[in-house]
Amino acid sequence: MLSGGRIVRLNTKNLSLLAKDVITPKYNKNDINSAIVHFGVGNFHRAHQAVYSDDLLNLGEKKWGITGVSLRSSSMRDKLKPQDYLYTQPTLGLSTEYRIIGALTEILVAPENPTAVINAVANARTQLVTLTITEKGYYVKDGNVDTNHADICHDLNNIDTPKTVFGYLAAALIQRASSNSKAITILCCDNMNGGGEYLHQGVQCLLEKHSPDTLSWVKTKVSFSASMVDRVTPATNEKLLHQVSNHTQLDDAAPVAAEPFSQWVIEDNFAGERPPFDKVGALFVKAIAPYEQVKLRFLNASHSILATLGYLLGDTYVHETLQRNTLAQFTEQAIKQDVLPITHVPDDINGSDYIDQVFERFHNANLPYACLQVGSDSSQKIQQRWLPSIDDALAQNKQPRHLAFALAAWVVYIRKALENGDLSDPLNAEFSHYLPASPNNDIQHFLSLAGGQHFQYFTHLGFMNQVEGYHAHILEAGVEQALNTFMTQ
Ligand code: CS2
């Protein structure tokens with residue numbers, strides 16, 4: 001908004017200047033505390049967990065504000081600090097709603113001040129640490145935390161200025177144990193199978209090196225838990241910045257749009273005090289794995305199929321890809337025929353309805369979601385989303401042929417995205433190494449880089465023959481033709 005020729009920025013003082021239909025916090029930001037420390041203050045966290053916290057704060061649960069931690073860059077802190085850490089969260093569906101979220105009390109930038117981050121987690125006020133650090137933040141290789149990775153080796157030698165989240169957590173737990181402080185919960189909020197176990201593993205290996213005495217305290221005072229998180233949240237672009245300032249009348253450097261749907265299922269395994277997230281729509285469950293699996297194998301798996309094939313066909317957004325009937329049909333069949341029958345679905349979910357709802361959500365053209373956003377870090381994502389289903393299906397003597405086709409398309413995608421300069425993946429350098437060679441060997445190379453050897457399918461001759469056949473056909477005839485042929489077989 002222009003006031004006397006100046007653009008007015010969203011912040012506490014200017015809240016009263018917002019357009020009247022914008023929903024604002026019912027609490028005073030000065031009155032809240034943060035018993036939660038969250039690692040990874042990206043868009044997803046700000047449109048998901050922070051909204052649940054904001055709901056709690058609106059109910060008068062004043063301690064459940066969030067201290068955010070950025071592990072790498074200062075960009076989110078730089079954008080939000082001048083706004084008193086307030087930001088706009090538009091919900092874009094059939095109707096649009098604008099809401100201001102105030103749950104973040106501050107953002108610490110880890111490389112600038114590692115001690116401040118360690119102290120925040122060590123502070124007795126902190127009951128819960130949550131994380132959205134993306135798949136690559138867990139350093140999983142062949143099913144375990146890769147303790148030979150350079151970043152972890154760094155933390156094994158130096159825990160005062162850590163590089164990994166495990167290092168920050170271990171350093172803080174050493175402090176908490178030395179003062180026999182309060183119990184604490186560490187909760188994974190990423191799209192991971194068993195994220196809590198990876199957190200435990202990573203922390204444990206660092207404690208064994210730096211402070212074996214802390215291990216027994218950790219056993220009784222720390223829980224490593226997991227959750228299933230769900231809300232489609234695209235990256236913020238210029239268009240959204242304008243849409244927000246036009247509508248709300250205040251400029252916001254970091255709004256975050258999301259779909260109307262939101263779900264959070266949390267493993268009920270809290271050593272620290274449990275925030276009453278169930279009062280604001282979250283579900284606490286004893287067994288989290290089936291919920292994680294349903295989300296990863298149905299929603300994220302189909303997202304990755306659509307994004308991979310969509311990119312190869314030249315689409316920018318997932319909802320555009322879904323308008324291609326053959327492709328939409330292929331993806332639905334992949335999940336309903338290859339994945340659903342071999343997945344354990346919790347009693348309170350109807351698998352087939354869940355899948356239909358996922359496709360309905362992906363159709364939302366008011367919330368464009370880029371194929372390349374899903375395609376980022378795909379070498380890590382397919383290990384969570386596709387490969388376990390392929391192994392389970394093969395173990396039951398089934399033929400997951402749609403997933404074989406998807407995997408072949410993914411191999412083609414990696415080469416094409418690399419050649420186009422579009423690939424964003426922790427393994428960019430490793431994939432690039434094979435670019436000069438013939439694409440015929442890409443399957444072995446790329447799949448083994450993406451953890452293939454850890455899975456059974458990699459040595460299943462019948463399945464790998466199928467992948468090779470589809471790969472050759474896609475290279476020869478193009479993905480559209482290969483897909484049409486596949487659908488008529
Ligand atoms: C997406 C997810 O970018 C991606 O890989 O599949 O971020 C997806 O939108 C969320 O998991 C939805 O909850």
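1. Let's start with a side chain worth a look: that of Arg 415 reaches the backbone oxygen of Leu 435 at 3.0 Å. The side chain of Arg 415 also makes a polar contact with the side chain of Asp 442, at 2.6 Å. Please keep in mind, as you follow along, that this is a predicted model.

2. Where does Arg 415 lie? Its place is in helix α17. Arg 415 has a relative accessible area of 9%, and the cut-off for buried is under 20%, so Arg 415 counts as buried.

3. Helix α17 runs over residues 401–419, and at 1.5 Å a residue its 19 residues should span 27 Å. How many of the residues of α17 are buried? The count is 16 of 19, so the helix is mostly covered. After α17 comes Gly 421, which has a positive phi, near 70°.

4. Now to the ligand, which may be where you want to zoom in. It is surrounded by 13 residues, and the closest are Asp 230, Lys 295, His 303, Tyr 369 and Lys 381. A polar side-chain atom of Lys 295 lies 2.9 Å from an oxygen atom of the ligand. For Asn 300, an N or O atom of the side chain is 3.0 Å from a ligand oxygen. For His 303, an N or O atom of the side chain is 2.7 Å from an oxygen atom of the ligand. On its own the ligand has 340 Å² of accessible area, and the protein covers 92% of this.

5. Which elements give two or more residues to the shell around the ligand? They are α10 (289–312), α14 (371–375) and α15 (378–385). Of the shell, α10 provides the largest share, with 4 residues.

6. Aromatic rings are another topic for your viewer. A search of the whole structure turns up 18 aromatic pairs. In one of them, Phe 270 and Phe 284 have ring centres 5.7 Å apart and planes at 90°; planes over 60 degrees apart count as edge-to-face, so this pair is edge-to-face. The two partners are 14 residues apart and link distant parts of the chain: Phe 270 is in the loop between β15 (263–267) and β16 (283–285), while Phe 284 is in strand β16. Both Phe 270 and Phe 284 are buried. Elsewhere, ring pairs join Phe 330, Phe 405, Tyr 470 and Phe 486 into a cluster.

7. Rings also meet charges here. Arg 46 has its charged end over the ring of Tyr 87, 4.5 Å from the ring centre. Lys 416 lies over the face of Tyr 311, with 6.0 Å to the centre of the ring.

8. Is Asp 252 buried or exposed? With a relative accessible area of 6%, Asp 252 is buried. Along the chain, Asp 252 and Arg 9 are 243 residues apart, yet their C-alpha atoms are separated by 6.2 Å.

Notes
Residues numbered from 1 in each chain as written. Predicted model: local features only at pLDDT ≥ 70, side-chain atom pairs only at ≥ 80, totals over all residues. Heavy atoms only, no water. Expected span 1.5 Å × (residues − 1). Buried < 20%, exposed > 50% of the residue type's maximum accessible area, 1.4 Å probe, protein only. Phe/Tyr/Trp six-rings, centres within 6.5 Å; stacked < 30°, edge-to-face > 60°. Lys NZ or Arg CZ within 6 Å of the ring centre and 35° of its normal. Near = heavy atom within 4 Å. Polar contact = N/O pair within 3.5 Å; in protein donor to acceptor, adjacent residues only side chain to side chain. Areas by Shrake-Rupley, 256 points an atom, 1.4 Å probe, with all protein chains shown as cover.
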